[in-house]
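Have a look at the fold first.

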Amino acid sequence: MKKIVVIPTYNEREAITPILMEVMEKYPAVHIMVVDDNSPDGTADIVSALAKKHPQLSLISRPGKQGLGAAYKDVLARIKKMSDVEAVVTMDADGSHDPSYIQELLRALTRADASVGSRYVSGGGVVGWSFWR
């Protein structure tokens with residue numbers, strides 16, 4: 001059964017390689033699906049090149065900027081058609097979601113149907129963000 005990490009992107013050229021490498025290093029059995037909305041900065045090209053070297057990485061390229069919600073709807077509809085998926089984790093590519101929490105989220109699913117990591121729950125929070133974030 002697959003565990004999938006979904007990472008939507010738009011203009012994440014600078015951040016995408018470090019986040020992907022960290023997730024792949026910490027969780028080699030996890031499949032990563034990057035959903036890119038035709039980033040003009042070449043994010044999809046970087047992911048495509050990495051996917052050639054790392055079979056646990058795949059890229060879904062969308063034709064234009066359709067937004068985060070639409071990206072999630074698209075990829076989750078694709079995942080729903082797969083019969084071998086055990087769990088799905090969603091995270092941002094900008095570094096605001098720490099990959100070290102993936103294991104905790106997955107572990108929580110052994111005793112619950114859903115697991116949520118948020119700055120708004122007990123133990124959550126964000127350090128160093130400006131007020132507008």
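Q: This is a predicted model, so let's start with a pairing: which residue stands opposite Met33 in E2?
A: Val6 stands opposite Met33 of strand E2.

Q: What makes E1 and E2 count as paired strands?
A: Pairing needs at least two DSSP bridges, and six bridges join E1 to E2, which run parallel. The two strands therefore qualify as a pair.

Q: Why is E2 called mostly covered?
A: Buried means under 20% relative accessible area, and six of the six residues in E2 are buried. His31, Met33 and Val35 point one way, while Ile32, Val34 and Asp36 point the other way. Why the two directions? In a regular strand, side chains alternate between the two faces of the sheet.

Q: How do you know that the buried residues of H2 line one face of the helix?
A: The buried residues of helix H2 (residues 43-53) are Thr43, Ala44, Val47 and Leu50. Viewed down the axis of H2, they fall within an arc of 125°, so they line one face. The face turned away from this buried side carries Asp45, Lys52 and Lys53, which are exposed.

Q: What covers the buried residues of H2?
A: The cover includes E1, helix H1 (13-26), strand E2 (31-36) and strand E3 (57-61).

Q: What makes Asp37 and Lys65 lining residues of the second largest pocket?
A: A lining residue has an atom within 4 Å of a pocket point, and Asp37 and Lys65 are among the residues that line this pocket. Its volume is about 230 Å³. The lining divides into five nonpolar, two polar and five charged residues.

How values were computed:
Residues are numbered from 1 along each chain as its sequence is written. This is a predicted model: local features need pLDDT of at least 70, side-chain atom pairs count only at pLDDT 80 or more; totals for chains, interfaces and linings use all residues. Side-chain values use heavy atoms; hydrogens and water are left out. On a 1 Å grid over the protein atoms alone, a cavity is a set of points where a 1.4 Å probe fits but cannot get out, and a pocket is an open set with protein on both sides within 12 Å along at least five of seven lines; lining residues have an atom within 4 Å of a point. Grid points are joined across faces, edges and corners, and a volume is the space filled by probe spheres set on the points. Ala, Val, Leu, Ile, Met, Phe, Trp, Tyr, Cys and Pro count as nonpolar, Asp, Glu, Lys and Arg as charged, and the others, Gly among them, as polar. Buried means under 20% relative accessible area, exposed over 50%, partly exposed in between (1.4 Å probe, protein chains only). Helices (H or I, at least four residues) and strands (E, at least two) are DSSP runs, numbered from the N terminus. The arc is that of the directions from the helix axis to the C-beta atoms. Contact means heavy atoms within 4.5 Å.
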